[in-house]
2 protein chains.
Amino acid sequence: MPTPNRQVVLAVRPTAAVDAKTCAVVESELPDLIDGQALVKVSHLSIDPTIRTWMDDAPGYLPPIGIGEVIRSGGGGVVVESRSDRYRVGDVVTGMVGWQEYAVADEAMGAMAKIPEGIDLAVALNVLGITGMTAYFGLLEVGRLTEGDVVVVSGAAGATGSSVGQIAKIKGAGRVVGIAGGPAKCAQLIDELGFDEAIDYHSENVSRRLHELCPKGIDLFFDNVGGKILDAALANLAMRGRVVLCGAIAGYNDRSAAPGPANYTSLIIRRGSMEGFIILDYLARWPEAQAVMAGWLADGRLHHAEHIVDGLEHAPEALNLLFTGGNTGKVLVRVS
Amino acid sequence: MPTPNRQVVLAVRPTAAVDAKTCAVVESELPDLIDGQALVKVSHLSIDPTIRTWMDDAPGYLPPIGIGEVIRSGGGGVVVESRSDRYRVGDVVTGMVGWQEYAVADEAMGAMAKIPEGIDLAVALNVLGITGMTAYFGLLEVGRLTEGDVVVVSGAAGATGSSVGQIAKIKGAGRVVGIAGGPAKCAQLIDELGFDEAIDYHSENVSRRLHELCPKGIDLFFDNVGGKILDAALANLAMRGRVVLCGAIAGYNDRSAAPGPANYTSLIIRRGSMEGFIILDYLARWPEAQAVMAGWLADGRLHHAEHIVDGLEHAPEALNLLFTGGNTGKVLVRVS
């Protein structure tokens, strides 16, 4: 009797937060491997806000997930069977595994990569994966971080935001301010991650605090959130300030919930710019950044935190954490 | 008995369109000239949307006009009296003359410049002044126009917009689409100014038409308007499309009337950018651009239109034309 493959598929397009109706658990048979393929037993899923955008039938940078299809997702696991010279049994690989117990690594697709020696899979999925790469290239390439810059990060206690703030400090930012929800997260930003200041958007007036903490304005705003927080940052932009648009989670579950930033006209009077990016465009340059980040990890200069949710069937709840602020650090689902 | 100087001053800060209450006509005495100064009899005022923003007590790129102060404005006239070696009686000069019959040109301020030989003052205020310079540097420097670009301009029948479209054609844009209000303006864009296509925002669905006319997306959107039109353009941005933010007239008379562009998230999925600028930053480079524009004028490649309103006391109504779409081409007030 063949091993069943448990999967989470898109049953119904969500119009709000996901749940067991929109993301249904099903069982299917494992596919037969053909030459060049290997079977990966998935151990961890990388839970990223962008997954929610793939569930909408709306234009995006990748096609929407089809109804009945496995939820597209990064993750990693161990090769347990192989008809490939590239993937050997026992190899630990990462790539777009999807929300399922077993995924196929295919040489022809080339989307799975071995993780570096001596690095834990969970850490690799955080700091050396989509999350860390997004922080690195978003801040340094898109944002063109310059020594002395006043840098502000939204979603600062999240996986990407916490790396952004730390990289900014390592690279010589003048002041790094994180915006996060709640006193515990704010304390962690300062005490553990080395941010200079933190703003608690639950209890503080973000625009007023930004004005106090950045009296000469924000040189670089790295935005994961959108909505009112983006508007507050635009109101406090420095001359020639840059806004890096990484994400806009305020609107992912409810597009009507996030009005456009009325203060975008600050870009005119302050000669500012606002630029978006997709980390996949930098894929060819990941190795250089991974080497740098691995070095910072080894030196103890880059802290990381993983928020582990156990069980494939809890992946939808894990995704929701990103929008309710229920996590600190990188959300991963431990599948096996 | 001294010559009186009629002036229009800011009597009350407007919260909507300006009128005779907010902009009051007063008479004052002419100032006595000191060494280095000259008296300019103002003949034309340059009516620009940005004047309306200076009337608000809100952060801007210049301080707000004070209550009781003459309305700040570009314009030009003839030197009628001089205690300066730089300004001779009979010289035709342009600069920040303000809404008044007589202005003082001051060597120490250095803000008045003689216009080139053989060019009419009204044309100089249009094509070689703030308007033409804004079109030139906004399109070529901020927007980095590239040959073959699909260019879209809002407020296309206005002074800046009509120059933007023409410069784009001269510089090799692949397709130039203008957005304007009403069939007459749209016909003029195509028949007289050489735009490839025009969209009438009064009667057409702008987003749908942009999708039809720019099926591969907009490479460069030059925005004078903001509001819904900016949102429609963002929805149709090409990969790595650029938005040049020149103005946002949809919100100048009523800031609550122009919501932020909810489609700014297109900048993420299309890897786009949105950048603002203020033409005063390019002041040192005006001569190079003026020489180029004067050449195109002489060759007949650059068409221009001036919309003349007679009488200083009608300056407020002239300003309102910019927001109601009542003008075609550059609005000037003929003072004397």
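Guide: The contact between the chains takes 24 residues from chain B and 24 residues from chain A, two residues being in contact if their C-beta atoms, placed from the backbone, lie within 7 Å. This is a predicted model, in which local features need pLDDT of at least 70 and side-chain atom pairs count only at pLDDT 80 or more, while totals for chains, interfaces and linings use all residues. Residues are numbered from 1 along each chain as its sequence is written, and chains are lettered from A and ligands numbered from 1 in the order in which they are written.

On the side of chain B that touches chain A, helix H8 (266-269) and strand S13 (273-276) of chain B each supply at least two residues; helices (H or I, at least four residues) and strands (E, at least two) are DSSP runs, numbered from the N terminus. S13(B) gives the most to that side, with four residues. By residue class, the side of chain B that touches chain A divides into 14 nonpolar, six polar and four charged residues, where Ala, Val, Leu, Ile, Met, Phe, Trp, Tyr, Cys and Pro count as nonpolar, Asp, Glu, Lys and Arg as charged, and the others, Gly among them, as polar.

Strand S13 (residues 273-276) of chain A pairs with S13(B) in the antiparallel sense over three bridges, a pairing being called if DSSP finds at least two bridges between two strands. Within this pairing of chains, A:Glu275 stands opposite B:Ser273 in S13(B).

The symmetry of the pair can be described next. Chain B can be laid on chain A with an RMSD of 0.0 Å by a turn of 180° and a shift of 0.0 Å along the axis, with the copies superposed by least squares on the C-alpha atoms of residues with pLDDT of at least 70 in both. That is the relation of a two-fold axis. In chain B, the C-alpha nearest the axis belongs to B:Gly260, 2.0 Å from it. The same surface serves both copies, since 100% of the contact residues of chain B recur in chain A.

Buried residues make up 51% of the 336 residues in chain A, a residue being buried if 20 or more other C-beta atoms lie within 10 Å of its own, exposed if 12 or fewer, and partly exposed in between, with C-beta atoms placed from the backbone.

Elsewhere in chain A, strand S15 (residues 330-334) is mostly covered, with four of its five residues buried. Strand S3 (residues 37-46) of chain A pairs with S15(A) in the antiparallel sense over three bridges, and A:Ser46 stands opposite A:Leu332. Strand S14 (residues 306-310) of chain A pairs with S15(A) in the parallel sense over five bridges, and here A:Val309 stands opposite A:Val333.

On confidence, chain A averages a pLDDT of 95, and 99% of the residues score at least 70; pLDDT is the predictor's confidence in each residue, from 0 to 100. The model scores ipTM 0.92 and pTM 0.93.
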